[in-house]
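Work through the exercises below with the sequence and the coordinates at hand, and try each task before reading its solution.

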Amino acid sequence: MERVRSYELLGVLAALILGLSLRLAPARNALAGGGVQFYGYDSFYHARRILYTAENFPHTLWFDSYLHHPLGHPITWPPLFDQMVAGAALLLGGSPGAVEAAAAAFPPLLGTSMILILYLLTKKLFGMRVALLSAFLLAIDSKHIARTLFGLPDHDPLELLLMLGVILLLAHALTDRDRWAWYGAAAGVMMAAVAYSWLGAPIYMIGVLIYATIQITLDLREGADVCETIAPLAAAFGAALLLILPFRNEAWLIPSFIGALGSLVALGVFYGLFLLFAARRLPWQAFVPTVAFLSYFGAILSSSTEEGRKVGSLLAEGIRYFFGSDLARVGVEETMPIFRVYEIASLPVLGLVFALAGLWILILRMREEGWRRDHLLFLLWALLSTALMISQARFLFLFSVIGSVLVSLLFFWGTERIGPSQLPLRADPGLARAGTAAFLLLLLLPAAVNLPAVARYQPEISGDWSDSLEWVGEKTPPTAGFDRPVEAAEYGILSWWDYGNWILYKSKRPVVANNFQAGAEDAARFFLAESEEEALAIAEARDVKYIITDQKMLYGKLPAIARWIGEDPAGYVQITADPEAVVYAHTPKFLRTLLARLHLRDSSDLGHFRLVYESETLRGLKIPVSEVKVFERVAGAKIAGTTPYDEPVGVILELTSNQGRRFQYFASATPVDGRYEIVVPYSTEGREGVHSIGPYLVGPLKDVPGGDSREVEVREAEVLEGMTIEVNF
């Protein structure tokens, strides 16, 4: 017995150390250059909110005027994760550096804790051997590591850790007749914590109710005591409801309040139905259809009241979130169904096949051994996780936990059939061991295939983007209210929504569009506008002073930009793929857009936008350009005057970028009634960074008698104030 316990302890410790080490491996790149470079996109807004919370603890940010500029945007993320990290940061001193350190370290700690909780749950359900293998599988699962690595602060790991604790405690509550109330209440505390961590917590409550419906049906069939099912669940939902009540009217908690209250009411209805079925000896097979009919009938009745319609609207919105997200339509990969993300013939899909095979084995095992309450709870959670994963790729993280157990069940099912006891008497036992090892390696392959890449993970913001945002923070006029974002700031920055949180956190500037997708449509319309007037109207309405573009917006992100405004991406770019590369061929329509005219042509022929910064790295084969560029919106100086010629008048200006690259600005206008006007965005005064080389040359585009070009100096004040410079011919 002592030997077994030592083996178990060493195995659990090994799994935890391995899991923590793999999740800390990307820290080297996240910490390169001093400070923390966070991974992902939402992580930057969590860091922004954690910083605010640490400075105003325990209060957190519920409205941010630095988002959706100049309107501002409400924050509907439940606060528990950000408050926990802020509390830890305060223990470390509360400085911005302490905030970043705590935010970066929390995910691997949560991920490692998940390995331990999964071990405890699996040991209770299926024994020590399955539990140890499940822990090791989760420790090396690249999908799980990708969401719990160092430098990726997000609420998802906390929510999943807490829900795993709920399942563990409910499994004990449903099988321990002496301490069911304590286990049930503890599960309710964790369920409330899930609600304080994630807006989608009601989906888990619905999952528990589905379990209750099926378990009560089995209780009817077997003549079991229904209180052994209802009482622990009622204790859990009751405890959760009590903890949710203080903030029940908050927008971010209303769905969970309705879910907890509705679940308690539903359990009461289930109990009454059970008594009715038992007293009248009604067929147990009719219980589930009866519950379904009463749910439908109740929904119809509730729709006749205003409160009922609100609840129905919340339910419909939740269904759309989980099973019909509009973000999938515009190309947000994590919201797409799993079959649109992975190729059928791929290792990730093979891993899913292994897990689904384990799910089938679990069902067969339960049919043979009996439908234990805790096993059925686990099965229903596995089915819910599978449905969510198939619906949206973002739930692969949720499925990775359950998948580790299912693959372990598949392994031990397989070893029972290729082990020495199953071989003929004369067969070599070594052959059985080799077969078992090969089978294990095959099952490990999909989970571990991406492990070599884990240590090479680079923060998406590293390099040119980081340098560019540092420049924006240092060189652009500061804006007020970053620490207390209540009112609209002096100006905003426009970029594609993917980059909004980066700009907000790193440069401390307001953004029009960010990862909450507010402002995304205006951003798309701006970048795909084919006239400067249309783009200028959007920029003026949004009070935009700076625009940031990058190379990915011209290629991989371009289809999504088009879909946001209902345009066919093929109208802007033709994408072909072969085994060696993906080829993008831009159309003439794209070359007319503001995005192309800014990023590819440095605002040439535009009068109100000028290049002020470009990053060091050049990208592109046909037309190498800087990876990131920053443009400024200005009033533009007007070079205007009279001309006796009907020929268009043009202006040319030679410039040098901050990287020392020579480029040329050109614009022209056709005279009307003997007068022309050209708006230009660059001055000829010596400026730091992007600056002119000499004066503008102004003159007719065709050789005409007396039509010599004139040299024209344009002062910075004339550009900023929209003044007119008369040049007559």
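**Exercise 1. Overall make-up**

Task: State how many helices and strands there are in the protein, and how far its C-alpha trace spans along the principal axes.

Solution: The model, which is a predicted one, holds 29 helices and 18 strands. Along the principal axes, its C-alpha trace spans about 105 × 70 × 50 Å. Of the 729 residues in the protein, 53% are buried, and the accessible surface comes to about 32200 Å², with 60% of that area belonging to carbon and sulfur atoms. Turning to contacts between residues at least 6 apart in sequence, one finds that 71% join residues at least 24 apart.

**Exercise 2. Helix 17**

Task: Compare the reach of helix 17 with its expected span, and decide how far the helix is enclosed by the rest of the structure.

Solution: Helix 17 covers residues 373-391, which gives 19 residues. From the first C-alpha to the last it reaches 27 Å, close to the 27 Å expected at 1.5 Å a residue. Because 16 of its 19 residues are buried, helix 17 is largely enclosed by the rest of the structure.

Key. Residues numbered from 1 in each chain as written. Predicted model: local features only at pLDDT ≥ 70, side-chain atom pairs only at ≥ 80, totals over all residues. Heavy atoms only, no water. Helix = DSSP H or I, 4+ residues; strand = E, 2+ residues; numbered from the N terminus. Expected span 1.5 Å × (residues − 1). Buried < 20%, exposed > 50% of the residue type's maximum accessible area, 1.4 Å probe, protein only. Contact = heavy atoms within 4.5 Å. Areas by Shrake-Rupley, 256 points an atom, 1.4 Å probe, with all protein chains shown as cover.
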